[in-house]
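Hi,

Here is the structure I promised to pass on. Have a look at it first, then read my notes below.

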Amino acid sequence: MKRFTLFLGVIVLLFSCTSRKSDVYTINGKIQGLANGTAFLETRKGGMMIKVDSSAVTNSTFTFKGSVETPARYYVVFDKTHAYFPLFVENSDITISGRADSLRQLSITGSKAEDDYQAYLTAAKPYEKKLTRLYHVYDSLSQSGDEAALKQLEGPIDSTEKAQLEFLKQYIMDHRSSIVAPYLASINSYMFDLDVLEPMVNAFAPSLAGSDYVQELKERVTVLKRVAIGQPAPDFTMKDTTGIAVTLSSFKGKYVLVDFWASWCAPCRAENPNVVADFNEYKDKGFTVLGVSLDNDRNAWLNAIRKDKLTWTQVSDLKRWANTAAKLYGVNAIPSNVLINPDGIIIGRNLRGKDLKNKLNEIL
């Protein structure tokens, strides 16, 4: 009986040791040519980089130890050069090897999440290569001023971007048990409307529910529901170019396009002539525009307004992506807009080019 008890005790001890090991990670790095100094393990939270751990770099080696509740994207940063590389960290033994002059080509083993992410990058590469080639041709044609050729290229670019987006959505749904799925959804959430994002978030495996990525996506779903078509437009107040406070609700009685843009945003500046044309055509028919700039440089903002001939009301709190109205409306990519009817109800989102003109023709 004592032997059986002893044997059982050994099993329990081994099991408990195994359990503890699965609750921690060890990252061992050996990167040839890496200068002695300090390596930091950092992660991004709330738009800020947070230091999680540090390790002395000695003879090109470093080590981190800790634990994570769910796998997540981390960054190893070196104090001497400020060079860094990303990886997915999970509770396992992770080994990193390579050369200091090619940190983007490191060998990272022991992280299933990192393996999953690398598999995604490989699968997505054909779309990236094709779009890179098309964008390069577009830039060349833009410099030469060949408008006809530029027009012809818009179709292939649009179709390739749509194919890439469909691939991304399908990949996320096919791999919804991997942390890579909510990570990809999170960094690309600006591309997904509510009708796509909500079922996507609901489909993630229960084991990922505690992930920061899933929590962020759930918060975004809540915001998008609040500003969905058919909902009352959330009110906000912000100062215009002269410092006078302007409130969105003061435009009630008109159709108003709340246009989120910035002087530094090339696609926004390219879209501005379309908005100017629509404003001039419909301003006497009960339509106006309220521009909300995500600038943080007042002079750049004012110069862009003058250069692009934006004659409607413009407001900004000069907080760039922390703009309070942008956060209220879930804007994390620009150009972006919402169209509001005279009763203050949202009737359109992200209407650009012909889509905006067609909508205005329909209602006015």
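Ser-189 sits in the loop that links H4 and H5; helices here are DSSP runs of H or I with at least four residues, strands are runs of E with at least two, and both are numbered from the N terminus. Ser-189 is buried, at 5% relative accessible area. Buried means under 20% relative accessible area, exposed means over 50%, and partly exposed is in between (1.4 Å probe, protein chains only). Leaving aside residues up to four places away in sequence, Ser-189 touches Leu-217, Arg-220 and Asn-332, where a contact is heavy atoms within 4.5 Å.

Before you go further: this is a predicted model, in which local features need pLDDT of at least 70 and side-chain atom pairs count only at pLDDT 80 or more, while totals for chains, interfaces and linings use all residues. Residues are numbered from 1 along each chain as its sequence is written, and side-chain values use heavy atoms, with hydrogens and water left out.

Now to H5 itself, residues 194-203. Its buried residues are Leu-197, Met-200 and Val-201. They lie on the same side of H5 because they cover an arc of only 95° around the axis (the arc of the directions from the helix axis to the C-beta atoms). Among the elements covering these buried residues are helix H3 (147-174), helix H4 (180-187) and helix H6 (212-226). On the face turned away from the buried side, H5 carries the exposed residues Asp-195 and Asn-202.

H3 also packs with helix H2 (residues 112-144), at an angle of about 170° and with the axes 10 Å apart. Axes are lines fitted to C-alpha atoms, for helices over the stretch in contact, and angles run from 0 to 180 degrees between N-to-C directions. That makes H2 roughly antiparallel to H3, the word for angles over 145 degrees.

There is 1 disulfide by the rule used here, a pair of cysteine sulfur atoms within 2.5 Å. It joins Cys-265 to Cys-268, with 2.3 Å from S to S. The link of Cys-265 and Cys-268 is right-handed, with 75° about the S-S bond, and both cysteines are buried.

As for the whole protein, it has 10 helices and 15 strands. Its C-alpha atoms fill a box of roughly 95 × 50 × 40 Å along the principal axes, and 42% of the 364 residues count as buried.

Cheers

Methods
Angles under 35 degrees count as roughly parallel, over 145 as roughly antiparallel, 65 to 115 as roughly perpendicular and the rest as oblique.
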